[in-house]
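This report looks at aromatic rings and charged side chains. Please keep the model open while reading.

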Amino acid sequence: MTVPNAPGSSATFAAEATAPGTAAARFGRFWRGWEAQLGKKQPTPHFTPGSTDDFQMSARAVTAHDAVIADVRSEFLISTYTSPPRQGDEQVLMHVVRRNAWRFARPREGEHTVPAGHFMLQRMGPPTFEHARRTAATVLIVPTAPLARLIRDRLITGPASSAEMRLLLGQMQLVQQSAQDLTPGGALAARNALLALVEGVLRQQADGTEPGLGPALAQAAKDLADSRLADPDLAPSMLARELGVSVRTLYRAFTAVEDSVAGYIRRRRLEQASLELLSPVGRPSVSELAAHWQFADSSHFIRAFKSRYGRTPAEFARTDTGDEPDANPSRRA
């Protein structure tokens with residue numbers, strides 16, 4: 001997989017190789033589909049299949065300047081890749097595994113099994129053996145130049161839960177959401193933020209105070225909050241601690257995206273409570289919802305709910321209009 005030809009461009013595209021045929025034929029179709037949508041013919045990597053019917057993959061991707069972010073699903077992958085020399089236009093490849101595991105190996109590097117919730121980062125080029133079955137991952141491709149001294153020829157692995165990785169994943173999600181609307185200048189800025197955050201992962205120290213990274217920090221905090229909405233300890237101080245920044249820096253990041261930390265947490269808790277109120281079976285009581293979603297008491301929950309939805313929880317539960325609340329936080333201010 002390689003980056004687009006037109007600097008400053010942004011696009012979305014998809015590639016798939018699941019049709020019948022040999023592994024080499026499916027790889028060829030996948031590669032041709034990938035490069036055709038990127039708009040540039042690339043040197044085809046050397047592909048050595050490990051066995052019959054061992055290449056079935058699909059990818060949905062976005063580009064920002066010369067960076068690519070792809071959601072990849074591998075049904076069957078047993079093979080060895082070797083990227084041809086690119087005359088100074090080298091690339092860094094990161095896999096963030098979301099389901100099952102992806103196994104990588106290189107001569108002299110040994111073998112690395114990357115389970116869900118972990119990442120692998122490498123410079124593209126040397127032969128790399130890969131083994132992945134029914135595996136899902138988010139793949140990031142960026143230029144090597146700013147990162148070469150930090151990576152060298154290593155396969156670098158680690159948890160995706162570190163503060164530095166959370167910031168990077170937040171920026172990746174923002175790019176995926178906004179790629180189609182980015183101007184050339186915006187695409188370049190988004191790519192530069194990705195590079196800075198990959199460097200932060202490698203140095204294990206991301207600069208959350210950098211103004212351009214405020215939206216990424218806010219998104220990382222939102223993602224973390226969403227995973228812990230029912231946690232009684234969820235608070236701005238906990239989010240800041242997990243992300244390795246000060247509470248003041250976290251507040252500034254939310255201000256940059258015209259939101260507040262506490263407001264976001266309350267809004268998401270109310271959205272989850274509203275979905276439970278619409279459940280046709282096993283609907284919890286108001287007091288149970290208040291306790292589960294960490295409101296002080298039922299009265300506090302009812303007031304907050306009515307302020308948000310214009311109806312009390314009981315009135316909301318009785319509605320037959322089908323006007324369900326939007327549980328997607330990215331659609332609400």
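## Terms and basis

A residue is called buried under 20% relative accessible area, exposed over 50%, and partly exposed in between, using a 1.4 Å probe and protein chains only. The model is predicted: local features need pLDDT of at least 70, side-chain atom pairs count only at pLDDT 80 or more, and totals for chains, interfaces and linings use all residues. Residues are numbered from 1 along each chain as its sequence is written, and side-chain values use heavy atoms, with hydrogens and water left out.

Helices (H or I, at least four residues) and strands (E, at least two) are DSSP runs numbered from the N terminus.

## Aromatic rings

A pair of aromatic rings is described by the distance of the centres and the angle of the planes. Rings of Phe, Tyr and Trp (its six-membered ring) pair if their centres lie within 6.5 Å; planes under 30 degrees apart are stacked, over 60 edge-to-face, and the rest tilted. There are six aromatic pairs in the structure. One of them joins Phe301 and Phe305, whose ring centres are 5.8 Å apart; the pair is tilted because the planes stand at 55 degrees. These two residues are four apart in helix H10 (residues 298-309), so about one helical turn separates them. Phe301 and Phe305 are buried.

Tyr309 and Phe316 also form a tilted pair, with centres 5.5 Å apart and planes at 50 degrees. Tyr309 is buried at 15% relative accessible area, and Phe316 is buried at 1%. Ring pairs join Phe295, Phe301, Phe305, Tyr309 and Phe316 in a cluster.

## Salt bridges

A salt bridge is a side-chain nitrogen of Lys or Arg within 4 Å of a carboxyl oxygen of Asp or Glu. The count by this rule is 10. In one of these salt bridges, Asp259 meets Lys222, with the closest N and O atoms 3.6 Å apart. Asp259 is in the loop between helix H7 (247-256) and helix H8 (261-277), while Lys222 is in helix H5 (residues 214-226), 37 residues away.

Which residues are linked with Arg268 in a network of salt bridges? The network holds Asp226, Arg268, Glu271 and Arg308. Asp226 and Arg268 meet at 2.9 Å, N to O. Asp226 lies in helix H5 and Arg268 in helix H8, so this pair ties together parts 42 residues apart in sequence. Asp226 is partly exposed at 27%, whereas Arg268 is buried at 7%. Glu271 forms a salt bridge with Arg268 at 2.8 Å between the closest N and O atoms.
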